[in-house]
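I opened my notebook to go through the aromatic rings and a few charged side chains. Here is the structure I had on screen.

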Amino acid sequence: MTEFTAGATARRTARPAVRTHRKRPFSARLRLATPSILRHAILVLGVILFFGPFVWMVLTSFKSSAEALSFPPTFLPKVWHFDNYTQIFSVAPFGTYYLNSTIVSVASTAGQIVTSLAAGFAFSRLKFRGSGVIFVILLAALLVPFEVVFTPLISLLSQFGWLNSYQGLIVPNVPSILGVFLFKQFFESFPTEIEDASRVDGAGVWRRMWSVVTPMATPMIGAFAVLSFVYNWNNFFFQFLAVTKTDFFTVPIGLAQLQSTNAAESFNLLMAGSTLAILPVFVVFIIFQKQIVSAMAGGLR
Amino acid sequence: MQSTVDSTSSTGATAVVPRPPRVRRRRTTEEQEGRAGYALIAPTTVLLAVFYLYPLVQTVGYSFTTWNPATGQTGDFVGLSNFTGLFQNDEFLRAAGNTGIYVLVVVPITMAIGLFFAALLAQPFRGRGVYRALLFVPYIAPIVGSALIFSFILSPLGGIVNGALTSLGVAPIGFLNSEPWALISVMVFSIWQGTGYAMIIFSAALTNIPQSYHEAATLDGAGPIRRFFSISLPLVVPTLGFLAITGVIGALQVFTQVYILTQGGPLQSTETILYFIYQQGFVFFHGGTASAAAVLLLIVGIVVSVIQLRVLNRRDTIELT
C-alpha cells in the first residue's frame, strides 16, 4: 500500500522526464500493460468462481420458487420477493435459531477469551510447580482432533442431562488450547518491566493481570475474539450431535433441517436461509478483515 | 527480581535488620503466585480433562468392547475384534479409500490454486485488497450455508451448471447423486472452500521474502515467472509443508459438506471416515466399532501432527534467520 502511493507520487513528480513514454507506439504501450490486464482478467475470473456463488445465493433468495427452478435461469429476479425472508420465519422458527446461535457463539467466545487469557498469563508469567508439564500435556491434547472423541462426549453430556441445553452447547466449547497457546506466545513477546514495576508497587497477581497485562493485550483479544466468534457461529458437527430439539437448534442445524424437510422445490427459501446464516460472519469479516487475516497468518508462529 | 536480591546482599553487611523479613515476604508472594497460577489455569485444564481427555480415554477403552451408546451399556470385552472387523468391513474400507482419494486430490489442488492467487496478489496494486477479500470469503462462510449454495448450483432442477450444460447440448448430469460425480462434486466444493485459507497463508509467507531478492533477480534479467520459480517457490517450501499437513488433518475430519451435499451416497461413494464413525455411533449404535475407527483416525492424526510439529519447528528456525 505504502509502496503504491510512493510509486504514484514519484511518477507525478517525474512527469516531464517521462513525457517520452507518451511517444511509445500504442502496441508497445499495450505490451507494457499486458501483464496487468492479464492479472486483472485472471483475478476477475477467480472472483466470479469463488465469490459468484454468494451473489447467486442472494439473487435466488429474492426469486419465486418457480423462477429459482426455471430454465434458462434468470439473472435478476423478475419480481423481487422480499417476502421470502418473512416466509422463512414462518416455515421454521428462524428467530429461535438466530437467538440460539447468538447466545452460544457469544458465550463460547467470551468463555474462550477469559479462560485462554488467564491460562496464557499464568503459563507465561507465573512460576508454579508442574506448569511446564501441564503445558506439554495441553499441547499434546492439541494433537487429538475433537472429532475422535465425540461419541463418548455426547453420551457424557447425556449423563449430565446436558443434551438440548445451552450449557451443553457452550461449556465443552470453552477450553481453547489454541487460545492458551496464542495468549502465552503474545505475553512472552512483551517485556516484563511494566509488570515488575507494578509488582514493586505492591500490585498482586490479579491487579497485574487485569490492570496491567489485559489492556496491553487488547489487539490480541480482538483478533482472537473475531476468530473465535466466526468459528463458533459456523460450528456444525458438535451442535448437530448435541441437539435434537428445535428449541435449541442453531442456524446451521436449522438450515440442514430445512434442507432435509423441504427438499428441492424451495431453493429460494433455502438460499434466503443461507444468506441469513452467512450474513453475520460476512459483516464481521468486512469490519475486522485485517484482524482476521493477520490472526490467521500470525497464529501459525 | 535478580537485581533486588543482589542489591540486598551487597548492602546487607551494613544494613543488618531488614534481611530476614524480606526473605519471608518474598517466599509468600511466590506462594501467592503459585496458587494464583493454579487458579488461572484451572478452568481450561479442568474443562479439557472432563470434555476431552476423559472421553478420549473412554474411546480407547470402548474400542475393545461392544459398547452401545443408546443404552449406555459397556457390553462385552471383545479384544481386538472391533479392529479386525473394520478391515473386513467393506463400508469402512470404502470410507477410508474415499478419504485417501480426497486427501490426494483436494490438498494439492487447494494449495496450488491458493499459491497461484497469492503470487498474483504479492505485489501491491489497485484493488488488491478487494480481490483478496472476495477470494477469501468462502473460507469463513458457514459450511452448511455454502454447501447449500452448491447443492442448488449443481442441482439437475434449475441448477445453473446443468442449465449451461443443457444450452451446450449436453444432457444434465446428476452431480450429487451419480458416481463418480458425487465424490468429484464434494471435492470441488472442498477445494473451493479451502483455497482462501491457503492463499492467506501463502501471502504471509511471500511478504516475508525480502524485496531485495526480487530486485536483484530483476537486475539479472529474470522475468516474473522465472522469479516465482527460482526465488518465491523455494522460499515458501516450509509453508507448503505446513499447509499439506494441516490440509491432511482437515481432510481426515471432513463431515459437514458430505452430510449436506450427498449424505454419503450414492451407494457410500462419498462416505468419509468421520461419516462412517458418525453412522456407526449414532445411527446403528455400534459404539465399539465407532470407537475402534476413531482410534485408528486418532493414530493417523497423531502421526501427521508429529510430522507437523517437526515441520513447524523447522519453519520457525527458517523464519528467525
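**Entry 1: ring pairs.** I started by reminding myself that the model is predicted. I asked for the number of aromatic pairs over all chains, and the count came to 57. I noted a handy rule next to that: an α-helix has 3.6 residues a turn, so residues three or four places apart point the same way.

A:Phe51 has a relative accessible area of 16%, so I called A:Phe51 buried, as the cut-off is under 20%. A:Phe54 is buried too, with 4%.

**Entry 2: a pair across the sequence.** I then looked at A:Trp56 and A:Phe75, another tilted pair, with 6.4 Å from centre to centre and 35° between the planes. Where do A:Trp56 and A:Phe75 lie? A:Trp56 is in helix α3 of chain A, while A:Phe75 is in the loop between α4 (65-68) and α5 (83-91), so the pair ties together parts that are 19 residues apart in sequence. Are they buried or exposed? A:Trp56 is buried, at 9% relative accessibility, but A:Phe75 is exposed, at 53%.

Entry 3: From chain A it takes in A:Phe150, A:Phe236, A:Phe237 and A:Phe240, and from chain B it has B:Phe255, B:Tyr259, B:Tyr275, B:Tyr278 and B:Phe282.

**Entry 4: charges over rings.** A:Arg39 turned up over the face of B:Phe125, 4.2 Å from the ring centre. I also found A:Lys184 with its charged end over the ring of A:Phe135, at 4.5 Å from the centre. A:Lys184 is part of helix α10 of chain A, residues 177-188, and counts as buried at 14% relative accessibility. Setting aside neighbours within four places in sequence, I listed the contacts of A:Lys184 as A:Gly120, A:Phe123, A:Ser124 and A:Phe135.

**Entry 5: one helix in chain B.** Last, I looked up α11 of chain B, residues 237-252. This helix has 16 residues and spans 23 Å from first C-alpha to last, close to the expected 22 Å. Its buried residues include B:Phe242, B:Leu243, B:Ile245 and B:Ile249.

Note on methods
Residues numbered from 1 in each chain as written. Chains lettered and ligands numbered in written order. Predicted model: local features only at pLDDT ≥ 70, side-chain atom pairs only at ≥ 80, totals over all residues. Heavy atoms only, no water. Phe/Tyr/Trp six-rings, centres within 6.5 Å; stacked < 30°, edge-to-face > 60°. Buried < 20%, exposed > 50% of the residue type's maximum accessible area, 1.4 Å probe, protein only. Helix = DSSP H or I, 4+ residues; strand = E, 2+ residues; numbered from the N terminus. Lys NZ or Arg CZ within 6 Å of the ring centre and 35° of its normal. Expected span 1.5 Å × (residues − 1). Contact = heavy atoms within 4.5 Å.
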